[in-house]
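Please look over the sequence and the 3D structure shown here before reading on.

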Amino acid sequence: MNNKNYNLIFFFCLSIIFLAIDAVAQSPEVLNKYIYQGTLSSGKPAINFNTLNQRTEALGDFAAISRDGRFCSYVIIGSVDYTMIQSTGDTWKHKLLGVKKGFFSGDNRFYIYQTGDSLCYLPLKGGMIRVLKDVVNYQLPPADQRNEWVAIQLKDKTLLLVNLLTNKEIRAKSVSDYNFTFGGKWFSCQLDNAVKELIMVNMSTGKIHHFENVISHSFDESQKALILQTEQGGRKGLEWVDPLNGKTTEVWTATGKDRSSIGGYMVDKACRQLAFTVQNATSVVSHNSVWYYKKGMGKAMQKKIEDTDGRMMGMMLSGTPVFTDDGRYIVISMQKPKVVIPKPAKNAIQLDVWNYRDTFLMSAQVAGIYPLVQSWLSDKVYKFSMAVEDTGQMIYLSGENEQLFSTVGDYAVLQKRIVTDRFWEHYTELEFYVVSLKDGKRRPLKRGVILPQFSPDRTWLLCYDSTNGKYLRYDIGSNQYRDLDGGANVYFGGENEFDGNGRQPKSPRGQVGWLTGNRGLLVYDHYDIWQLDVNGIKPPVNLTNGRKDNVRFEITKSEQEEGGSSFYSPHAKLVLTAVNMENKDNGFYALQLDSRSLPEKLCMGPYIVYLGGLTYGQEYWGSYSKGRRPLKAADADVWLLVRQSTTEAPNFFIAQGLKIFNALTNLQPHKDYNWLGAELVNFKQQDGSKCKGILYKPENFDPTKKYPVLIHYYDQFSMCLNQYPVIAYTSSAFTNIPWFVSRGYLVFLPDIYFNKEAQGIGSMNEPKIPYGAAALNAVEGAANWLSSKSYVDSAKMGIAGHSMGGGLTSYILTHSNRFAAAFMGAGVSDWISGALQLNFKDGMSRLGVSYYSGSTGSDIWINNAKYLDNPILHVAKVTSPLLMFHCKADSGVPFEQAVELFVAMRRMSKKVWLLQYDQGVHSTLNQRDDRDLTIRVTQFFDHYLKGAPAPIWMTQGIRASMKGIQTGYEWDTSGRQP
């Protein structure tokens, strides 16, 4: 064997040895040695690295319920993932290894799922599983909950269309593509045979039609027309098919000589007209033309385009022509040809010229990845209308920085917003216009109007006035507005007690939906659902009256209903999600629309089931922050849902009528460890105003002892009161609550009122930085309350915050001498440079972050007195040791912010450490770094809050040359202090 082979073997063996050593070094047993044990109470053990290393069972994302509600399925993930199918009324269960997402047949007899190349039919209530082999995939009709039909494609390109209720089966061979229409009314499959056959099936009658020479096809929105593109021997065609009888009309043809081809096409809503583009490539430069067909015509005709005002000069057709709502106009899109930018010469000057008039900062232009920059750089689309019965005169509708939508009758709504980063300019404000499709004339909607939409009868515009929180009716003909609250002066805008004056009219909760028959409009205010008279004559009716009891109501929609226009029968019974904003209870109510009674309470308690659209105060914590949307059985008042609380892990429940709950699972990964409890605390802030927070105590809490405390903050966390805190590594300065509480800490999460201890954000007479002062107000108030408790060691309180919370930490650190230790993650330390620096990667300015520089970005220069309050200027006052976490590749907050504070504190002989992970961004990204950060943060707080020995990385540091070699986890036994 030669030397080269010996060397390869040597280095291979050496690498194996190093991997083995590293595996041992990263083992839970070894890592646990670096965590101070102190005098942990007897009883259940504390959470440790063995706990974190275990993949305990938890709920997977998938769940389903049968139509009759008698069976359900769900996934459990863990060391071994599995899928459970079980009865909701007795003890029958069937366990499938792995994640087997499937569906229940419409007759409630089978659970059907695919595993590998097998489609399996599991009989409910026992029996042999029936298996269909050689399956590639299957498809169910979208938005059809009947689960009656399934299409199955086999490896030999055979397709089976199976009725699960009757076992009727339709087979097709050589299938290249297949799909159901929306709702499952039609099924089509394209065959890869000599005649390019298309098979279409009427799913309600079973009638089958065959078409030949088809290269593409699609149904119109109403599914009353099938449009085919055909090709045979170089001859191309476009055909209109009546799917009910299969009758075909050829509307356009082209021979192979003219090299024409069909572009996009559209059928009008009445299913009587077709508009399409034809691309002609016979000339050197290809061009598109618009064609039009109406039922009864022999063939489609090319629409002559008349550019009477010269606006279309040099433009080309693009996209698909679109009919307006009533089919009287066609809206087409045009684009200017792309400008070919020449390549710079090899010896050209490499220079970026920054100009104060630039639409975007040069750095953002160079990066070219920010969405607004990409929109600005993209090809601009110009919209024109033509009357279908006219000669082809084009009417200009919209252009650059404009978006056209809601075309009804002779009008369309146009939105205009200048795309730029110059957010302070008045011309960047959102504007809306009504534009005439007949002549292009524009009429501006009143300033402040947003969310305009045509009414269901298409005779007026519903508008929301963001200046005062009102819904308006705008009649286009009379150009008049009418307040829909009937003179009752009801405010429907957003509310946030933690910001500004509490009212946020620019951020409404929005519209619920329309009552059918033009009988009313349902909208939200902050708490309730209101019914408005569409004529604005009758006063609005509060249907829920939740405000008086601090209960926030929201209609519980299915996933299929979410995002679409909602219409409700005036006699409908609606299920409402309810959240008590005072005590944080969660549950459901039932609302009968035609009853004068208030909603009926179905269930309500100290849990999180589903918080609906509630967003503030709970979206940064754990995996289950908003709960899960409940699933209802299609034919029974039976619900499958997930419930959780602080002491109850998320588990599946079956709920009869949302009143009687029975647990299906019993996952409690915390039961073997010293867990925690949570209390909602009402306390006074430093200025005496009221505030709320959550106090977490260990399960073995002893009121006769004194505990160290970690105060953690961001904005408002009190809505997390009933949330199950997930056991995890600390991967940022969002420290993991169960880890620290289990180890003998109390953790307190105060809400922060960003409108207290300041005159309001953007005010020109602020003496302090509002966000920082507000955080100090809350955290000092929390510390005062905690210090009054006999079980709190008031000399051993620490603080922690990440991202915006990290910036708040820098403020508290430099404005309070109360805290024994502070942990700051990825936060701003200099509120001037923090506004003037650029984002990592996208090159955008940070000036628009309002809590640095005000709503217009000018406070630094116009109201600069308050920046004497800047944390970086007060480093000399710091008394708390600080641990910082920040990474160079952070795209959320520039790494230089950490460097500024570190350099300043180092110069002023303050105790400070900075952890920078090469592979981290705004948090750590891999388990190795997660473990490391968890160890160092725990060692840091244990030293200053529990009196644990200091590790070497704190007392001596780690030289750059020892990076990746030395961890410094070991306790410093020399007696040296940090």
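The report below goes through the model by topic.

## Basis of the model

This is a predicted model, in which local features need pLDDT of at least 70 and side-chain atom pairs count only at pLDDT 80 or more, while totals for chains, interfaces and linings use all residues. Residues are numbered from 1 along each chain as its sequence is written, and side-chain values use heavy atoms, with hydrogens and water left out.

## The nonpolar cores

A nonpolar core is here a set of buried Ala, Val, Leu, Ile, Met, Phe, Trp, Tyr and Cys residues joined through side-chain atoms within 4.5 Å, where buried means under 20% relative accessible area, exposed means over 50%, and partly exposed lies in between (1.4 Å probe, protein chains only). The largest nonpolar core has 106 residues, and the members that touch the most others are Ile711, Phe748, Leu786, Phe823, Leu882, Leu901 and Phe941. Helix 7 (residues 770–787) gives the most to this core, with eleven residues. Apart from it lies another core, of 26 residues, among them Leu445, Ile450, Tyr474 and Val534.

Contact means heavy atoms within 4.5 Å. When its neighbours within four places in sequence are left aside, Ile711 is in contact with Phe748, Pro750, Val779, Ala783, Leu786, Gly798, Ile799, Ala800 and Phe819.

Helices (H or I, at least four residues) and strands (E, at least two) are DSSP runs, numbered from the N terminus, and the expected span of a helix is 1.5 Å times one less than its number of residues. Helix 7 has 18 residues and reaches 25 Å from its first C-alpha to its last, close to the 26 Å expected at 1.5 Å a residue. This helix is mostly covered, since 16 of its 18 residues are buried.

Helix 8 (residues 804–815) has twelve residues, and from its first C-alpha to its last it reaches 17 Å, close to the 16 Å expected at 1.5 Å a residue. Helix 8 is also mostly covered, and its buried residues are Met804, Gly805, Gly806, Gly807, Leu808, Thr809, Ser810, Tyr811, Ile812, Leu813 and Thr814.

## Salt bridges

Side chains of opposite charge can pair when their charged atoms come close. With a salt bridge taken as a side-chain nitrogen of Lys or Arg within 4 Å of a carboxyl oxygen of Asp or Glu, the count comes to 41 salt bridges. One of them joins the side chains of Arg328 and Asp410 (2.6 Å, N to O). This pair links distant parts of the chain, 82 residues apart, with Arg328 in the loop between strand 25 (316–323) and strand 26, and Asp410 in the loop between strand 29 (402–408) and strand 30 (411–416). Arg328 counts as partly exposed because its relative accessibility is 38%.

The side chains of Arg442 and Glu402 also meet in a salt bridge (2.7 Å, N to O). Here too the pair links distant parts of the chain, 40 residues apart, with Arg442 in strand 32 (residues 442–444) and Glu402 in strand 29. Arg442 has 32% relative accessibility and therefore counts as partly exposed, whereas Glu402, at 15%, counts as buried. A further salt bridge is formed by the side chains of Arg422 and Glu425 (3.1 Å, N to O), and both of these residues are buried. Salt bridges that share partners join Asp326, Arg328, Asp410 and Lys438 into one network.

Met84 is placed in strand 3 (residues 82–87), and it counts as buried because its relative accessibility is 10%. Not counting residues up to four places away in sequence, Met84 touches Cys72, Ser73, Tyr74, Lys93, His94 and Lys95. Met84 and Ser909 are 825 residues apart in sequence and, C-alpha to C-alpha, 60 Å apart in space.

## Loop residues with positive phi

Asn545 has a phi near 55°, a positive value in a residue other than glycine, and lies in the loop between strand 42 (541–542) and strand 43 (551–555). At 28% relative accessibility, Asn545 is classed as partly exposed.

Lys841, although not a glycine, has a positive phi of about 80°. Its place is in the loop between helix 9 (833–836) and helix 10 (850–853), and Lys841 counts as exposed because its relative accessibility is 60%.
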